[in-house]
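Hi,

Here is the structure I promised to pass on.

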Amino acid sequence: MKLLALSGSLRKASYNTAALEALSSLAPSDIEIQIGNIADLPLYNPDLEGESIPSLDELKAVLAEASGLIIASPEYAHGISGPMKNALDWLVSGEEFPYKPIMLINTSPRACHAQEALKEVLTTMSGILVDSAYVSLPLLSSGLDRDGILADTALCHSLKTGLNNFRTGIEVSSNNRLID
Ligand SMILES: Cc1cc2nc3c(=O)[nH]c(=O)nc-3n(C[C@H](O)[C@H](O)[C@H](O)COP(=O)(O)O)c2cc1C
């Protein structure tokens with residue numbers, strides 16, 4: 001099973017990116033998590049729809065191949081981070097996103113506004129939020145990087161449980177679509 005993971009933070013020492021890197025390391029051998037790049041996308045402009053944009057073409061190609069999408073994104077001023085919203089706006093009109101199962105990771109439990117806004121945007125885009133896969137990790141101010149997360153048993157347990165539930169959610173949603 002291939003999964004695409006996107007971090008909404010461009011920061012080098014990002015907790016969101018670290019959480020995705022840790023999740024990727026913890027994944028069982030039959031799950032491959034690729035961390036995608038949204039940093040090189042241009043600012044969204046409908047006039048550019050249909051033009052060849054290598055960073056967007058690459059993102060769409062990986063998303064098309066993925067059985068599910070994992071998003072870890074910070075809250076800025078009670079909103080979705082600009083890089084993440086920009087990436088989602090680029091994906092709105094494509095055929096890769098709709099009905100894609102989605103796992104959300106929140107690395108700052110106090111950041112509830114951005115999570116709610118993200119859920120609204122993702123469901124509007126016809127993504128399938130897998131609620132049982134939601135993971136909340138208290139990483140803010142922890143100073144932890146990928147290896148620090150991997151050394152913490154409780155954090156690893158949360159990530160592994162979320163990923164396991166996500167796999168189940170993906171299988172259920174794929175069976176439901178076959179029945180439909
Ligand atoms: C400009 C800016 C605005 C922020 N606004 C909020 C906010 O409204 N609510 C919140 O909980 N955290 C806020 N934060 C804190 C970030 O969400 C937090 O630092 C987070 O860890 C950043 O994610 P990263 O570690 O993946 O880069 C803000 C940080 C910055 C730099």
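**Rings, charges and the ligand**

The charged end of Lys119 sits over the ring of Tyr134, 5.6 Å from the ring centre. Arg11 does likewise with Tyr15, its charged end lying over the ring at 5.7 Å from the centre. "Over a ring" here means NZ of Lys or CZ of Arg within 6 Å of the ring centre and within 35 degrees of the ring normal.

Before you read on: this is a predicted model, where local features need pLDDT of at least 70 and side-chain atom pairs count only at pLDDT 80 or more, while totals for chains, interfaces and linings use all residues. Residues are numbered from 1 along each chain as its sequence is written, and side-chain values use heavy atoms, with hydrogens and water left out.

Now the ligand. It has 13 residues around it, and the closest are Ser9, Arg11, Ser14, Asn16 and Glu75 (a residue counts if one of its heavy atoms lies within 4 Å). As for polar contacts (pairs of N or O atoms within 3.5 Å; within protein, one must be able to donate a hydrogen and the other to accept it, and residues adjacent in sequence count only if both atoms are side-chain atoms), a ligand oxygen is 2.5 Å from an N or O atom in the Ser14 side chain. A ligand nitrogen is 2.9 Å from a polar backbone atom of Ala77, and a ligand oxygen is 2.9 Å from one of His78. Taken alone the ligand exposes 630 Å², and the protein buries 69% of that (Shrake-Rupley method, 1.4 Å probe).

Cheers
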